[in-house]
Amino acid sequence: MRTPELPPVHEAWLPREHPLHRPRHGRRQLVALICALAFFSAPLSSWLFGARPEQLENRPLAEFPSVTEGFGFFTGLNGWATDHLPFRKGAVQAVNGISRGVFGEPAPLAGGSHSSPVGAGQVDAKPPIDESVFPPVIEGKDGWLYLGHDVSYRCVPSRSTEEVIAGLRAWRKVVESSGRKFQLVIAPDKSTAYPEHLPESYPGEDCSTAEREAFWREVPKATGAIDLRAPLRQTAERNGRPIYHDIDTHWTHEGGATMVYQLAERLSPGITGTWKMAPSRQYPHTADIPDLLGQDRTVPIQAYSLAPDGGADNTQFKPSDFHQPLHLKSSPKPGMITEPVRMVGDSFTQFASPYLAATYADIAITHPDNVATNAQATANFLAEGETITFELSERFVAGGRYPLLDPAAAAEIGTVLAAHPVR
């Protein structure tokens, strides 16, 4: 049988009557093309007229993709254009306002917030269920707001509890086998610390509650993690106020200081006996959860002074998200941890860093993302310490969302630690 010959011209140029005619750009395609060009050119054109993108989430704005990424250049354009759209924050506020005014309910807005420490390395495994069925914000009693990830990450985990435990144990093994001390502390979710302000019912209530109870029953005991729930409650009762903000997902400075006390006592029992802590300055802090509702709201922050020897204040307030490692050094004083400490910590540690600076002569902090995105640099960073401390958020551990929970990540960095042991 003779093979039919292909037409000598492109099918788009064939007469419309021809059976192989395929228009290259129909009307719908043309409209779609115009819309796409407008979407992707909006950030550039608005920039020329003075508009600047606003950072709504706790991560850097997406960078323009590189042409060296191949097809990834095209898939990366969407995230870049979305982040750099002008007036994005105003649009979020308008959508939420209309939804509440017309329908009497918050808009189902998606995205991150200041507190949601989702970065380049986190959420690496695709969940089996569409997480959009869970609200990004849970509106509780008495005006309390909770981050929806407290629920969705538990109900749609990327790793099983057994895999999470195996990953954390792998880190302890590689650190301690290199002669270093290993400390692991898990910052409880606000929904764990204050479940009484959650609404009577909400999507995922049953699965998240069951998983929360199982998590705290099994994980600290199996991994040696410090359970901060009781110390945090004691601090709150002693001070007569909640240790988490009602509209922010983080703990207060009092929560950060509680963690610092607990870590120091485990490294050197009794060392906090000479510490003197007192209220210092107050300042407003942009609350993270209202961002997801298109709202600009602040919470009052009470900061503290801390003198490890009972004398002069030794705190250092250096704002950082730790994506660029933060180094904090000071002259050793009585009551301080003098051995070099390297720490992996997220946004909860931001509320602890002034007090870590006050009580450690040499401490440096890097973000959990960096373990995944720059393993070699992180390995060299951690090798500088004689003690390695991990502060991880409950929602990311319980949901298996940290890539560093893969035992292979610990093994890779463990190779460098083993090559530079502490004797």
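1. At what angle do the axes of helix α8 and helix α9 cross? In this predicted model, the axes of α8 (residues 229-239) and α9 (residues 253-267) cross at roughly 130° and come within 10 Å. Axes are lines fitted to C-alpha atoms, for helices over the stretch in contact, with angles from 0 to 180 degrees between N-to-C directions. Helix α8 is therefore oblique to α9, a class left over once angles under 35 degrees (roughly parallel), over 145 (roughly antiparallel) and 65 to 115 (roughly perpendicular) are set aside.

2. On the α8 side, the contact (heavy atoms within 4.5 Å) is made by Pro231, Leu232, Thr235 and Asn239, and on the α9 side by Glu254, Gly255, Thr258 and Gln262. These residues divide into two nonpolar, five polar and one charged, where Ala, Val, Leu, Ile, Met, Phe, Trp, Tyr, Cys and Pro count as nonpolar, Asp, Glu, Lys and Arg as charged, and the others, Gly among them, as polar.

3. Valine 416 belongs to helix α15 (residues 407-419). Valine 416 counts as buried because its relative accessibility is 14%, the cut-off being under 20% relative accessible area with a 1.4 Å probe, protein chains only. Apart from neighbours within four places in sequence, valine 416 contacts Gln376, Ala379 and Asn380. The C-alpha atoms of valine 416 and asparagine 380 are 7.1 Å apart, at a sequence separation of 36 residues.

4. Of the 423 residues in the chain, 49% are buried.

5. Residues are numbered from 1 along each chain as its sequence is written. Local features need pLDDT of at least 70 and side-chain atom pairs pLDDT 80 or more, while totals for chains, interfaces and linings use all residues; side-chain values use heavy atoms, without hydrogens and water.

Notes:
Helix = DSSP H or I, 4+ residues; strand = E, 2+ residues; numbered from the N terminus. Buried < 20%, exposed > 50% of the residue type's maximum accessible area, 1.4 Å probe, protein only.
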